Amino acid sequence: MTPETGQEGERARAVQQAIFDNASHLIIATDEAGTIIDINPAAERALGYTRGELVGKASPIIIHDRDEVAAEAARLSAELGEPVEPGFDAFVAQARRGRAVEREWTYIRRDGTRFPVLLAVTALPGRDGAPIGFVGISTDITDRKAHERALIETQAAVLARRKAESDSHAKTHFLAAASHDLRQPLQSALLFASALAPHVTSERGASMVSSLEKSLNVLCSLLDRLLDISKLDAGEVTPRVGPLPASRLFDELNDAYAPRAAARGLGWRVAAVPATLRSDPELLGRILRNLIENALRYTERGSIALEARVEGAELVIEVHDTGPGIAPENQEAIFREFHRLQRPDIGGEKGLGLGLAIVRRLANLLDHPLALRSRLGEGSVFTVRVALDAAAAQADAAPA
């Protein structure tokens, strides 16, 4: 052997030792019988054993998952058509036949905890080609497995959300169809009740017909609410936003509700300002009507006020009442559908708890921030903020 050859061999052995000592992979070397002859520092750290505790042990089964070893032996027995004993022979049976072996495996640390690895086993051939040992190189795949689990959980959550959305859309379309189909016979019943009234001459009969008409009107109103909220949930309502004079909207609301407040013995006040809004007249009107209806339903004495003031580029519209107020723990819940406060309806009309749910959906649809201030025993204030129409504001500000 020449000096150069000797130096090259020494250098090669030094490189191999450096790789063995500094590799991040777990490396376990065995002889041809499966006895451990060496492990690298990464394997010591990962497994919790020292090199001295493992070198000389009979086979890697002391650190391999025994259940997996038995399963691998059974699988190989079926594949190779010959019995394969569990243990070292099971795992390296294919390596003995010159096959590449790479499996997901489980290692057991000294403290009994387990972690997944990707294990590759390579046979070390001797001069005659027969294996004189084996090297197992493992990669810890704990993070990859965690990522896979997280991905599966995310996909499951997405599927669950899509199913829930699908179920919700199905329910919404059913409610819309049912509400629409039920309204027609109800309207017919109302017409028949109105036509019947002149033909009923007795006082008791007339009272019964009047009660029938009231009940049918209430039912029609409830179906209208169901239809409204189902259309909103189904995305079938498209706002038509444009310039809207606040005075026109407030005049319409005053004409509709001043007589009703007076009939209930309640004070009524409207305080408008000259301003032009950017909104959908019908949808904004429905928001305010629902808020006023809610105030009328729950206010026994005192007053109701519809007020407005300009703040920056917005018109702040408020509906005040002197009703019983709403407890802090209920102030979010009242905007959910079918939620009603546990108190009798003053007007005698039992609602479904949909009015404020519709208000919130419409406010979100129009991008009109909605807020509530309330104190028990003192009343409530519902606030809707609506953007002013910029073009109209510039025209009002321009000099004559």
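The model is predicted, and local features need pLDDT of at least 70, side-chain atom pairs count only at pLDDT 80 or more, and totals for chains, interfaces and linings use all residues. Residues are numbered from 1 along each chain as its sequence is written, and side-chain values use heavy atoms, with hydrogens and water left out.

The protein chain contains 11 helices and 12 strands; these are DSSP runs numbered from the N terminus, with helices (H or I) of at least four residues and strands (E) of at least two. Of the 400 residues, 36% are buried, where buried means under 20% relative accessible area, exposed over 50%, and partly exposed in between (1.4 Å probe, protein chains only).

In soluble globular proteins, nonpolar side chains tend to be buried together. A nonpolar core is a set of buried Ala, Val, Leu, Ile, Met, Phe, Trp, Tyr and Cys residues joined through side-chain atoms within 4.5 Å. The largest such core has 41 residues, of which Leu277, Leu284, Ile287, Leu291, Leu315, Ile317 and Phe382 touch the most other members. At least two residues of this core come from each of helix 8 (246-263), helix 9, strand 9 (303-311), strand 10 (314-321), helix 10 (355-366) and strand 12 (379-387). Helix 9 gives the most, with eight residues. Another core, of 16 residues, lies apart from it and includes Leu47, Phe115, Leu119 and Phe134. Not counting residues up to four places away in sequence, Ile287 touches Val359, Leu362, Ala363, Leu366 and Val384.

Asp280 is located in the loop between strand 8 (276-279) and helix 9 (281-298). Asp280 is buried but has no salt bridge, and the nearest side chain of opposite charge, that of Arg240, is 6.0 Å away. For charge, Lys and Arg count as positive and Asp and Glu as negative, while His and the chain ends are not counted. A polar atom of the Asp280 side chain lies 3.0 Å from the backbone nitrogen of Leu283. With residues up to four places away in sequence left out, Asp280 touches Thr238, Pro239, Arg240, Val241 and Leu366.

By the rule that a salt bridge is a side-chain nitrogen of Lys or Arg within 4 Å of a carboxyl oxygen of Asp or Glu, the count comes to 15 salt bridges. In one of these, between Glu104 and Lys145, the closest N and O atoms are 2.6 Å apart. This pair links distant parts of the chain, with Glu104 in strand 3 (residues 101-108) and Lys145 in helix 6 (residues 142-196), 41 residues apart. A salt bridge also joins the side chains of Glu314 and Arg385 (3.2 Å, N to O). Glu314 is in strand 10 and Arg385 in strand 12, 71 residues apart. Salt bridges that share partners join Arg309, Glu311, Glu314, Glu318, Arg373 and Arg385 into one network.

Asp367, in the loop between helix 10 and strand 11 (370-375), has a positive phi of about 60° although it is not a glycine. Asp367 is exposed, with a relative accessible area of 66%.

Note on methods. Polar contact = N/O pair within 3.5 Å; in protein donor to acceptor, adjacent residues only side chain to side chain. Contact = heavy atoms within 4.5 Å.
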